[in-house]
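I opened my notebook to go through this protein one piece at a time. Below is what I looked up, in the order I got to it.

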Amino acid sequence: MNIQDVDENYMKLALELAEKGRGKVEPNPMVGAVLVKNGKIIGKGYHQMFGGSHAEVHAITEGGKNCKGATLYVSMEPCAHYGKTAPCTDAIIDAGIAKVVTAILDPNPITSGKGVQKLKDAGIEIRLGILEEHARRLNTPFFKLIQKGLPYVIVKWAMSLDGKIATRTGDSKWITSEESRAYVHKIRGQVDGIIVGLNTVLRDDPLLTCRIKGGRNPRRIIIDSNALLPAGCRLIHTIHDTEVIVAVNQNASQQRIQELERSGCRIVQTNDPHGRVNLMELFQVLGNMKLTNILVEGGSRVITSVIEGHLADKVIVFIAPLIVGGEHAYSPVLGKGIDKIAEAGKIRDITIRRFSNDVAIEGILNDGY
């Protein structure tokens, strides 16, 4: 096996380890590390939680005195600055590691290139770019947050075979199977925020929490132009469990805004001349709050606004083997639509999953990050 194959095999393991941090380390990137000496793994680690030790430190701790002269495989450039923890470069140098193989430079200007340079200055051999594209895809939301100041936006809906997300009366429980809904809760536990419109709250009175053991609850974000969120809804009753953010138009009633603030809601006012919520302004605020991943769950108006505004990066669509019918039944994406199929939004990097009798299609929108 040549050196390229060896390096790729160990980097694949580092990337697999990094994935374990999804939903726990944001707004930090997911990072995995593998320490190798004389062809044997002597230490492994990954960034397990925000504010906790980084992947390199976990691997070095496991490797102990054997680290001297070893090769470290790490899925992103080691940090060279003080943040929640001390620089990983210092730990690598102190451990006597001889070579560092990394997939990709950290996009954060605080560290980008500086970690690699510091290791080079210490006499450590560097190899950069092993499985770089894989590493970039793994942390695409982190790259977008750092480079654009915006969260990565995932739009999700569930529909029947004939493209309906609810009947003409608004009933939608349940279009998809229990297995599909469990997967949605898994996703909820991995994102920083979940967005729905006021109509969804009025119709379903949802909790918008993650109901998987060990999963974290995302912030609940409500698109509510006129600040009409009812005081008796379950979102406000559970506000001490996880934050409720209400996005309103700048012309919303100040009395209603103050009432929501007294209930514990965080208010985000946006400027839109048509009386709606300016979603780009909202996402900029969420980016400033360091929210990395946002899940948009509906309803149709919110989904349409995100799609038409070219604000979505990824879609997840669950299709159930049902036929609902009805010209007045609800469809996921409304708006003006397009004139020609050639103008349709295209999905790439598609993954297809099966949950009971449902099919879920995931992919990146052609204008997504």
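**Entry 1: strand β7**

A reminder to myself first: this is a predicted model. I started with strand β7, residues 193–197, and found it mostly covered, with five of its five residues buried. Which way do the residues of β7 point? G193, I195 and G197 point one way, while I194 and V196 point the other way, and all are buried.

Next I looked at a partner. Strand β8 (residues 219–223) runs parallel to β7, and five bridges join the two.

I then checked β6 (residues 152–160) and β12 (residues 314–320), which pair in the parallel sense over seven bridges. V155 stands opposite V315 in β12.

Is I352 buried or exposed? I352 is exposed, with a relative accessible area of 63%. Together with I347 and I350, I352 makes a nonpolar surface patch of about 280 Å².

**Entry 2: helix α6**

Helix α6 covers residues 140–148, and T140 is found in it. I noted that T140, P141, F142, F143, K144 and L145 are buried in α6. What do these buried residues pack against? They pack against α5 (132–138), β6, α11 (279–288) and β11 (293–298).

T140 got a closer look. T140 has a relative accessible area of 14%, and the cut-off for buried is under 20%, so T140 counts as buried. Leaving aside neighbours within four places in sequence, T140 is in contact with Y152 and Y369. After the helix comes G149, and its phi is positive, near 75 degrees.

**Entry 3: the sheet of five strands**

I also found an open sheet of five strands, in the order β2-β1-β3-β4-β5 and with mixed pairing. β2 (40–46) and β5 (125–128) stand at the edges with a single partner strand each, so one side of each is left without a neighbour in the sheet. Direction ignored, neighbouring strands of this sheet are turned by 15 degrees against each other on average.

β3 and β4 (residues 99–102) run parallel and are joined by four bridges. L72 has V100 in β4 as its bridge partner. Helix α2 packs on this sheet, touching β1 (32–37), β2 and β3, and its direction makes about 140 degrees with that of β2.

The loop between α2 (55–63) and β3 (71–74) holds C67. C67 is buried, with a relative accessible area of 0%. Which residues is C67 in contact with, leaving aside its neighbours within four places in sequence? They are L35, I42, I60, A95, G96 and I97. I also checked C67 against D94: they are 27 residues apart along the chain, and their C-alpha atoms are separated by 9.7 Å.

**Entry 4: salt bridges**

How many salt bridges does a search of the whole structure find? The search finds 17. I wrote up three of them.

- R216 and E26 meet through their side chains in a salt bridge (3.8 Å, N to O). R216 lies in the loop between α8 (198–204) and β8, and E26 in the loop between α1 (3–19) and β1, so the pair ties together parts that are 190 residues apart in sequence. R216 counts as partly exposed at 27% relative accessibility, whereas E26 counts as buried at 9%.
- D90 and K118 form a salt bridge, with the closest N and O atoms 2.6 Å apart. D90 is in helix α3 (residues 88–95) and K118 in helix α4 (residues 114–121), so this pair ties together parts 28 residues apart in sequence.
- R256 and E259 form a salt bridge, and their closest N and O atoms are 2.4 Å apart. Both lie in helix α10 (residues 254–262), three residues apart, about one turn of the helix. In an α-helix there are 3.6 residues a turn, so residues three or four places apart point the same way.

How values were computed: Residues are numbered from 1 along each chain as its sequence is written. This is a predicted model: local features need pLDDT of at least 70, side-chain atom pairs count only at pLDDT 80 or more; totals for chains, interfaces and linings use all residues. Side-chain values use heavy atoms; hydrogens and water are left out. Patches are made of residues with over 30% relative accessible area and no salt bridge: like charges are joined within 9 Å, nonpolar side chains (Val, Leu, Ile, Met, Phe, Trp, Tyr) within 5 Å. Accessible areas come from the Shrake-Rupley method with a 1.4 Å probe; for residues, only the protein chains shown count as cover. A salt bridge is a side-chain nitrogen of Lys or Arg within 4 Å of a carboxyl oxygen of Asp or Glu. Buried means under 20% relative accessible area, exposed over 50%, partly exposed in between (1.4 Å probe, protein chains only). Two strands pair if DSSP finds at least two bridges between them. Contact means heavy atoms within 4.5 Å. Axes are lines fitted to C-alpha atoms, for helices over the stretch in contact, and angles run from 0 to 180 degrees between N-to-C directions.
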